[in-house]
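Hi,

Here is the structure I promised to pass on. Have a look at it first, and then read on for what turned up.

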Amino acid sequence: MAKAGAKWKNIDNVLKKVLSASDLTSRVARREMYQFCEETMADSKENYVPVDTGALRSTGKVVVEQDTPTNFKLGMTYGDMATTYAVIVHEDLSAFHPVGEAKYLSKPLAKRLPTLPRRLVAAVNRANRVK
């Protein structure tokens, strides 16, 4: 099954610090990261993913790939058995799409990623004030 996805680079150090913090901080940060991914996926579906029949757009999802006390991995992917072309559509910069464009997941992620550290700090601070 071909899937198009996006990976975050250089975020491992931030995650290690967050995951090694208190249980509350870790839970809040994980929840905030999941929300960030859901919002990024919604942006991708609404503004970037090419649409012909809607099949590709319907496969976009956020999944928790790993959730242990020391590791937390989220995935944002498009594609399933019915849309094996997800990677080709994502990577082919020369293709014309009347609706949407190539790099339909990478672009919204790159646009939104600089806001993540500030969001994590704000969420953790709010949670620590309430306890």
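Let's start with Arg112, which counts as buried because its relative accessibility is 17% (buried means under 20% relative accessible area, exposed over 50%, and partly exposed in between, using a 1.4 Å probe and protein chains only). Bear in mind that this is a predicted model, where local features need pLDDT of at least 70 and side-chain atom pairs count only at pLDDT 80 or more, while totals for chains, interfaces and linings use all residues. Residues are numbered from 1 along each chain as its sequence is written, and side-chain values use heavy atoms, with hydrogens and water left out.

Arg112 forms a salt bridge with Glu39, with 2.9 Å between the closest N and O atoms (a salt bridge is a side-chain nitrogen of Lys or Arg within 4 Å of a carboxyl oxygen of Asp or Glu). This pair links distant parts of the chain, as Glu39 is in helix α2 and Arg112 in helix α5, 73 residues apart. (Helices are DSSP runs of H or I with at least four residues, strands are runs of E with at least two, and both are numbered from the N terminus.) Glu39 is partly exposed, at a relative accessible area of 30%.

Lys111 and Asp43 also meet in a salt bridge, at 2.9 Å from N to O. Lys111 lies in helix α5 and Asp43 in helix α2, so this pair ties together parts 68 residues apart in sequence. Lys111 is partly exposed at 47% relative accessibility, whereas Asp43 is buried at 11%.

Then there is Arg119, whose side chain meets that of Glu32 in a salt bridge of 2.8 Å, N to O. Since Arg119 sits in helix α6 (residues 116-130) and Glu32 in helix α2, the pair ties together parts that are 87 residues apart in sequence. Arg119 is buried at 18% relative accessibility, and Glu32 is buried at 14%. Glu32, Glu39, Arg112 and Arg119 are linked in a network of salt bridges.

On to the aromatics: how many aromatic pairs does a search of the whole structure find? It finds one (rings of Phe, Tyr and Trp, the latter by its six-membered ring, pair if their centres lie within 6.5 Å; planes under 30 degrees apart count as stacked, over 60 as edge-to-face and the rest as tilted). Tyr78 and Tyr104 form this edge-to-face pair, 5.0 Å centre to centre with 85° between the planes. Both Tyr78 and Tyr104 are buried.
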